[in-house]
Amino acid sequence: MQRIAVLTSGGDAPGMNAAIRAVVRSADARGVQVYGVQRGFEGLIEGRLSYLSARRVSGILHLGGTMLGSARSDRFLTIEGRAQATEHLQEQEIEGIVVIGGDGSFRGAQALSKESGIAVVGVPGTIDNDISGCDYTLGFDTAVNTALEAIDRLRDTAASHQRAFFIEVMGRSSGWIALYSAIAGGATDVLVPERPTDIDVLVDRIRQAFELGKQYCLIVVAEGDDAGGAYEVARRAGEGVRELDHRVTTLGHVQRGGPPTMRDRILAARLGDAAVTALMDGDDRVMVGEVHRDVIRTPLERSWIVTDKMPDELLDLMDRLAR
């Protein structure tokens with residue numbers, strides 16, 4: 001294999017630039033040329049490929065976002081769109097592609113590989129940590145630490161005014177950011193899509209916390225919680241605890257940005273290098289991921305067919321510690 005491409009797709013995640021750098025330099029060390037695709041699959045349809053030397057990726061390791069950009073592409077969902085993308089790849093004599101993104105990106109990569117015969121390897125890059133076949137996805141650790149910093153700051157205000165704060169974090173269908181930041185931030189409760197929300201139980205927990213002498217309450221809410229999000233949860237909880245002085249804070253897309261943590265940088269380095277190794281080994285339609293500190297390869301299909309269950313022991317731990 002002499003030429004490969006790398007692209008980022010879907011929502012950006014801290015560590016994507018570090019992964020791009022790892023792909024380019026790992027390939028360069030093996031005498032393989034790398035072409036970067038601007039704006040994901042949409043850029044692939046438009047033929048926006050350019051050669052990335054080892055020097056071109058200098059100084060991006062610590063940057064958030066993605067130097068290659070990302071975009072939604074309705075055209076890539078069609079056979080005609082993927083045929084155009086294949087044409088551009090063949091023009092540049094690309095033999096393999098590293099796709100950094102989530103399960104939606106991997107679905108597109110799988111379809112492209114089946115129709116074009118060009119090998120693809122996925123690197124799990126999403127802050128939601130909702131991809132099977134890895135312990136943690138690229139960007140998750142940074143997103144949790146960003147949320148945790150906000151929670152720590154809000155605690156100061158909550159304690160000063162004896163308030164309850166309802167803090168909404170990202171996660172439409174996944175509560176990993178909410179759960180990890182809630183445990184690490186000492187929250188009173190956490191509401192996640194994986195567990196039905198009982199407002200009466202939440203109200204009792206808030207009331208008991210203040211009765212036991214607590215000066216504040218922090219309730220972390222994943223945006224996909226079935227009660228309707230932090231504002232609705234706060235409204236209903238406020239009706240249950242009439243004297244409750246509360247505020248709502250939505251963190252939003254701030255969780256996607258900023259410099260990646262050490263853990264995300266190391267993970268990006270390992271997975272970027274592993275993706276190139278997988279292509280050199282002749283593998284196709286696989287994802288590289290870290291499981292118990294080992295880097296393994298799993299079929300791309302697993303990322304959308306299998307959903308890893310949120311550990312009951314972590315949810316139970318949250319309940320025990322919320323006193």
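Six aromatic pairs occur in the structure, which is a predicted model. Rings of Phe, Tyr and Trp (its six-membered ring) count as a pair if their centres lie within 6.5 Å; planes under 30 degrees apart are stacked, planes over 60 are edge-to-face and the rest are tilted. A pair of aromatic rings is described by the distance of the centres and the angle of the planes.

| Pair | Type | Centre to centre | Between the planes |
|---|---|---|---|
| Tyr136 and Phe140 | stacked | 5.8 Å | 10° |
| Tyr136 and Tyr180 | edge-to-face | 6.2 Å | 85° |

Helices (H or I, at least four residues) and strands (E, at least two) are DSSP runs, numbered from the N terminus.

Tyr136 is partly exposed, at a relative accessible area of 28%, and Tyr180 is partly exposed as well, at 24%. Phe140 is buried, with a relative accessible area of 2%. Here buried means under 20% relative accessible area, exposed means over 50%, and partly exposed is in between (1.4 Å probe, protein chains only). One aromatic cluster is formed by Tyr136, Phe140, Trp176 and Tyr180.

Charged side chains also sit over rings. Arg263 lies over the face of Tyr136, 5.2 Å from the ring centre. Lys214 lies over the face of Tyr216, at 5.8 Å from the ring centre. The criterion is NZ of Lys or CZ of Arg within 6 Å of the ring centre and within 35 degrees of the ring normal.

The structure also has an open sheet of seven strands, in the order β3-β2-β1-β4-β5-β10-β11, with mixed pairing. Its edge strands, β3 (49-52) and β11 (294-299), each pair on one side only. Two strands pair if DSSP finds at least two bridges between them. Strand β2 (residues 33-37) and β3 run antiparallel and are joined by four bridges. Leu52 in β3 is the bridge partner of Val34.

Residues are numbered from 1 along each chain as its sequence is written, and side-chain values use heavy atoms, without hydrogens and water. Local features need pLDDT of at least 70 and side-chain atom pairs count only at pLDDT 80 or more, while totals for chains, interfaces and linings use all residues.
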